[in-house]
Amino acid sequence: MLEVRTAGDPDEEEVVWTEFSPSQLAEKVAEMGTPVSPPVVRDWLEEEGLALHKIAKVLAGGQSPDRDAQFQRIATLKAEYLDAGNPVFSLDTKAKERLGQLYRKGRVWTEQAFRAFDHDFPSWATGVVIPHGIYDLARNRGHINVGLSHDTSQFACDSLRWYWNRIGQRCYPAATSILLLCDCGGSNSATQYLFKHDLQALVDDLGIEIRVAHYPSYCSKYNPIERRFFPHVGRACQGLLFDTLATVVRLMRNASTRTGLKTTVNIIHRVYEIGRQVTEDFKASMPILFDDVLPKWNYRAVPH
């Protein structure tokens, strides 16, 4: 049955698949005179190295010519900051989620299934949650600032402001600079004046230098927060309703690992304006200090 219905990868001979399910194969084999149950067929498939898999989003959508050089630069900066006892924070925003009795993916041990609306109409939601994450590489600690408005550069900077004033500064009292590892786009875009404008305002407020190193385009999966923190937040929340804001906070605080990861959560109630523009004066006299090495991705903001 599988002789002509097994497909493969022309570049990887060990990757094969079939569109038949165990039930379909059992029916067809029975029609050929060998009655068999789907579980037996499933065992046969596993013996042949076939198993259920979902599509893996691992192929890069493009390639940056300076990719390797920037990776080397980030590695050098991380080592310098960690050796000096200065903080290295990995930043990113998780996907926006809706509050209310709305379906969420995942399964959870329970006596009976949670009940959600039969459709996921946005109008049936009671609000939105925008989780902005900060992962401290040295301390293996994660923090989520839950926004209720829009994912803007102001929100990203407010998130870091809250974290540094209440947690980061206490953990790094002798810090002379902060290293931020960010993606290339989103609320902390490497190409937008707006993020640099809000970053400078943040630095002037905190009174400490902030250095930014962006991962190249198509390389966000290498940002440490993506594999060291966000998967555990997702695991803590999977299959559970985000029915109230209090529930979201409680679930996200449960994100932890046996290797010591702990999570703190805060809510930012501020409403953020979208469509803001930077003045021409800032563009003409921008105080951001760009590195000689790959300045499009590496720069510093110093207090004035």
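The model is predicted, and local features require pLDDT of at least 70, side-chain atom pairs count only at pLDDT 80 or more, and totals for chains, interfaces and linings use all residues. Residues are numbered from 1 along each chain as its sequence is written, and side-chain values use heavy atoms, with hydrogens and water left out.

The secondary structure of the protein chain comprises 9 helices and 11 strands; helices (H or I, at least four residues) and strands (E, at least two) are DSSP runs, numbered from the N terminus. Along the principal axes, the C-alpha atoms of the chain fill a box of roughly 85 × 45 × 40 Å. Of the 304 residues in the chain, 43% count as buried, where buried means under 20% relative accessible area, exposed over 50%, and partly exposed in between (1.4 Å probe, protein chains only). Among the contacts in the chain with a separation of 6 or more, 72% join residues 24 or more positions apart; contact means heavy atoms within 4.5 Å.

Two packed helices are described by the angle between their axes and the distance between the axes. For helix α1 (residues 22-31) and helix α2 (residues 38-47), the axes come within 8 Å and cross at roughly 110°. Axes here are lines fitted to C-alpha atoms, for helices over the stretch in contact, and angles run from 0 to 180 degrees between N-to-C directions. Angles under 35 degrees count as roughly parallel, over 145 as roughly antiparallel, 65 to 115 as roughly perpendicular and the rest as oblique; α1 and α2 are therefore roughly perpendicular to each other. In this pairing, P22, S23, L25 and A26 of α1 meet P38, V41, R42 and L45 of α2. By class, the contact of α1 with α2 has 6 nonpolar, 1 polar and 1 charged residues. In this scheme, Ala, Val, Leu, Ile, Met, Phe, Trp, Tyr, Cys and Pro count as nonpolar, Asp, Glu, Lys and Arg as charged, and the others, Gly among them, as polar.

Pockets and cavities were located on a 1 Å grid over the protein atoms alone: a cavity is a set of points where a 1.4 Å probe fits but cannot get out, a pocket is an open set with protein on both sides within 12 Å along at least five of seven lines, and lining residues have an atom within 4 Å of a point. Grid points are joined across faces, edges and corners, and a volume is the space filled by probe spheres set on the points.

The largest pocket has a volume of about 770 Å³. Its lining consists of 24 residues, of which V16, W17, A51, L52 and H53 lie nearest the centre. Both β2 (16-17) and α2 supply at least two residues of this lining, and α2 gives the most, with 3 residues. The lining of the largest pocket has 13 nonpolar, 4 polar and 7 charged residues.

The second largest pocket has a volume of about 510 Å³. Of the 15 residues that line this pocket, K94, A95, E97, R104 and G234 are the closest to its centre. Helix α7 (residues 230-237) gives the most to the lining of the second largest pocket, with 5 residues. By class, this lining has 8 nonpolar, 3 polar and 4 charged residues.

The structure holds 1 cavity of 30 Å³ or more, and the largest cavity has a volume of about 40 Å³. Its lining is formed by L91, A156, C157, L160, L180, N188, F195, L199 and L202, with α4 (153-171) and α5 (193-206) each supplying at least two residues. This lining has 8 nonpolar, 1 polar and no charged residues. N188 is placed in the loop between β7 (177-182) and α5, and N188 is buried, with a relative accessible area of 5%. Apart from its neighbours within four places in sequence, N188 is in contact with C182, D183, F195 and H214.

N140 lies in the loop between β5 (127-136) and β6 (141-147) and counts as buried at 18% relative accessibility. Y218 lies in the loop between β8 (209-214) and α6 (224-228) and counts as partly exposed at 48% relative accessibility.
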